[in-house]
Amino acid sequence: MTQIIDAYLGLAALRQAGYRSTATAVAELVDNSIEAGADDIEIIALTHQTIVNTRSSNQVKQIAVLDNGLGMTQEVLGKCLSLGWGTRLETRAGLGRFGFGLKGASISQARVVEVYSWISKDDVYMTYMDLEEIKSNKLQDLKEITPAKLPQPILENFADKLGESGTLVVWDELDQIDLRKAETLLRRINKDLCRIYRHFLDNDDAYGEKRKVSLHMLNLDTGKLEESLPLFANDPLYRLIPNNLPGYESECTNEIFEEFNVPIKYHNGINEVISEVLITASIAKPEIQDLGGNSTQGKHYADNTGISFVRAGREIDFGTFGFLDRSEPRHRWWGIEIRFEPELDELFGVTNNKQEVRAIQKLDEDTIEALLDTDSRDNHGAKLKIELNKVIADKIDSMMKIIKSRRAGAQTQKRQAKGIVEKVNEDISKDTNPTESEEISKTKSEDEKIKERINLLLSDDSNLSSEEAESLARETLDYRVDILTDDWPGELFLDRRSVANSSVGKINRSTLFYEQFWHYLENQDDKKGFEALEILFMAYVRTEDELVREYDRKTFERFRQRWGSWVEKLITHAGN
């Protein structure tokens, strides 16, 4: 009879299984430990000194994961390295399901994998897979399990971590790990694993029961532990405690923007049922955003820019999915988490190595139209894509409007003695030319003017409290001209409105003009350029306020609309 697949060639092909990094491959072993009920998991980089480019370097020789879980029976241990076999193939509960994790992750990084397991501390058994041995001896079957002792370095350094039951997986002959320098690998694993397992590392057991997970660096040359590092949650929503945001380890630094369930229909093989997908959006507190992108915290936020898909408490995928442009640094200040249960694996397109959700991407209008035209009544996948596409895009847009409106210190700067806006208003107050805004102001009460001014200031700078906005509104109520910011759709970058006693020019934060000129100049230490821009637009606003009484208002609106259209087209040349 002919074999369906040659063992070595099949394993060699599966080595390119698509694990994004060593950290995400290690995560598969952590999954197994959690499923086995372990509450203490040790990730160990076994290192030795070697010469790299004429310099001595501490390089990773082996990677091991040790847990105090239930351990495996001899029967299960004997099959655990068999591809396509698993203990959770028939269930949709928990982290596992595909029967691929231990084997796929291990051979993606190492040519030798050893698995030790015990149900009784004095009764350890072991199995292994050696790719060179399989190739040389043309093996097609797994080796029989054998009684064994744990490797000496593990026994000597982790005796206090050995439970009455447990499992140890050791990767040797590492040839595809992405980072070999021990310190760098530990940092990468620390960052990625802390995000993947954040719901198992925080103090709240409502979603993911807490586990203690630690990273260790064990020097094989000396036989001693050189570093041990407990893991804390790396939460892109910045809501979990404890966490690893420097200086804020015991604080929530984001506020919930919105949290809601989206009911998703799917077919369970018998009938149509509903599974709830929980979407949580959070936004950084103003004082955190004020720290700026170059702060330690800002750089931490930058590493967590994106959307997180979480399945059964464990992150499956993280990225932009086409919904945001990483060149816009302020995206770092929001987070979106989408939680779903394993029964929706097919709809989300979860890969068998739990590395991706392939079904979710930003959709263009043509794709949405094609999906809407799908004739199948039970096309649940199309409905999921359309629903999530709309929700994600809407939430990002709403949060970015708030984030962009947080112009740290903008109004405080305007209140400085003899600021440019105040100086301009001193000059304009001496002018006797009649204006539209003056005529309109006569129809309003003092309270109406203050309310108008408060709303205007809050739209410009959402960092202001209501009390601060009211104080500033009263202080600036007699302004005759002002220049502030707001958000609205379209290419119009400058609008004008009569507010309280003044004619107000509003700069549109949703335009390229704002991004590349206004916002850029506003944040320079030298304010001369920004003040010149403010004067230029206040002069225009005052001119229109005077002339609109003599000419058709629509003319000025058409002029600003066309001006904005040309600016949007030509501004891409700036800086080139």
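Predicted model: local features only at pLDDT ≥ 70, side-chain atom pairs only at ≥ 80, totals over all residues.
1. Residues are numbered from 1 along each chain as its sequence is written, and side-chain values use heavy atoms, without hydrogens and water.

2. Now for the neighbours of S13. Strand S11 (residues 307-311) pairs with S13 in the parallel sense over five bridges; two strands pair if DSSP finds at least two bridges between them. Strand S10 (residues 272-284) pairs with S13 in the antiparallel sense over six bridges, and Leu-278 has Arg-339 as its bridge partner in S13. Strands (E, at least two residues) and helices (H or I, at least four) are DSSP runs, numbered from the N terminus.

3. Is S13 (residues 334-340) enclosed or open? Seven of its seven residues are buried, so S13 is largely enclosed by the rest of the structure. Buried means under 20% relative accessible area (1.4 Å probe, protein chains only). On one side sit Trp-334, Ile-336, Ile-338 and Phe-340, and on the other Gly-335, Glu-337 and Arg-339.

4. Finally, look at two helices. H12 (residues 365-372) and H13 (residues 380-405) pack at an angle of about 140°, with their axes 9 Å apart; axes are lines fitted to C-alpha atoms over the stretch in contact, and angles run from 0 to 180 degrees between N-to-C directions. The contact (heavy atoms within 4.5 Å) involves Ile-368, Leu-371 and Leu-372 of H12 with Ala-382, Lys-385, Ile-386 and Asn-389 of H13.

Methods:
Buried < 20%, exposed > 50% of the residue type's maximum accessible area, 1.4 Å probe, protein only.
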